[in-house]
Amino acid sequence: MASSSSYSNPPCAACKFLRRKCLPGNCIFAPYFPPEEPTKFANVHKIFGASNVSKLLNEIQPHQREDAVNSLAYEAEARIKDPVYGCVGAISVLQRQVIRLQKELDATNADLMRYINPSGGSMNNQMVNQQRSNLNYGRRMGPVGGTTTGFDQNYGFCVPSYNSHNTWNNNTISGNHNPEPDDDSSM
């Protein structure tokens, strides 16, 4: 009957994956990798390694561990889906979507202002210019210092900008941000 008590506490996903005995009081992985989520640990192990994750969890404060594990799991899943860019690819896609939507909003506001005051008086132009300057406050996008990356002060990191002659796929909103092959049939 003593052996039946070991079945009452199934091993955590990490210990099951690593094929080792799981002692819930001593296992650093047990609170964060439940047995119901085996792929969560498998992804984290594949990208970061069990030893590195164990060291990381032991070095940080207990109240920060759950957030750290969730972050590692998200990054591991993103890295498996997109080995080159990982979660940075998703962030870049979302930034381009925000920029596109900002341009659409600016155009819609300009149309709205033309509809409200079709005569195009000087007061109307001043209001449109003020609105545009308010919307773009703190943003500096585009080539910086002759480079092909722009620094967005709202987000705090560089966003690659691709020229039209580049082979970058412009349909990145769908999540496919892999370069398309050149369409040169002369090869």
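## A helix with two salt bridges

Glu75 and Arg79 both sit in helix α5 (residues 65-81), four residues apart, about one turn of the helix. Helices here are DSSP runs of H or I with at least four residues, strands are E runs of at least two, and both are numbered from the N terminus. The side chains of Glu75 and Arg79 form a salt bridge, 3.4 Å from N to O. That term means a side-chain nitrogen of Lys or Arg within 4 Å of a carboxyl oxygen of Asp or Glu. Glu75 is buried at 18% relative accessible area. Arg79 is partly exposed at 27%. The cut-offs are under 20% for buried, over 50% for exposed, and partly exposed in between (1.4 Å probe, protein chains only).

Helix α5 also holds Lys81 and Glu77, again four residues apart, about one turn of the helix. Their side chains meet in a salt bridge of 3.3 Å, N to O. Lys81 is exposed at 65% relative accessibility. Glu77 is partly exposed at 40%.

## The model and its confidence

This is a predicted model: local features need pLDDT of at least 70, side-chain atom pairs count only at pLDDT 80 or more, and totals for chains, interfaces and linings use all residues. Residues are numbered from 1 along each chain as its sequence is written, and side-chain values use heavy atoms, leaving out hydrogens and water.

The chain averages a pLDDT of 74, and 59% of the residues score at least 70. The pLDDT is the predictor's confidence in each residue, from 0 to 100. A contact means heavy atoms within 4.5 Å. Residues 137-187 also have pLDDT below 50, but that stretch has 65 contacts beyond near neighbours in sequence. Where pLDDT is low, the predicted coordinates should not be read in detail.

## The chain as a whole

The chain has seven helices and two strands. From the N terminus, the order is α-α-α-α-α-α-α-β-β. Of its 187 residues, 26% count as buried. The chain exposes about 13,300 Å², with carbon and sulfur atoms supplying 54% of it. Such areas come from the Shrake-Rupley method with a 1.4 Å probe; for residues, only the protein chains shown count as cover. Among contacts between residues at least 6 apart in sequence, 44% join residues at least 24 apart.

## Helix α6

Helix α6 has 30 residues, which should span 44 Å at 1.5 Å a residue; its end C-alpha atoms are 43 Å apart, which agrees. The expected span is 1.5 Å times one less than the number of residues. Its buried residues include Cys87, Val93, Ala110 and Met113.

Asp111 and Arg114 both lie in α6 (residues 87-116), three residues apart. Their side chains meet in a salt bridge of 2.1 Å, N to O. Asp111 is partly exposed at 42% relative accessible area. The whole structure has five salt bridges.

## Aromatic pairs

The structure has four aromatic pairs. Rings of Phe, Tyr and Trp (its six-membered ring) pair if their centres lie within 6.5 Å; planes under 30 degrees apart are stacked, over 60 edge-to-face, and the rest tilted. The rings of Phe33 and Phe41 have centres 5.2 Å apart and planes at 80°, so the pair is edge-to-face. Phe33 and Phe41 are both buried. Ring pairs link Phe17, Phe29, Phe33 and Phe41 into a cluster.
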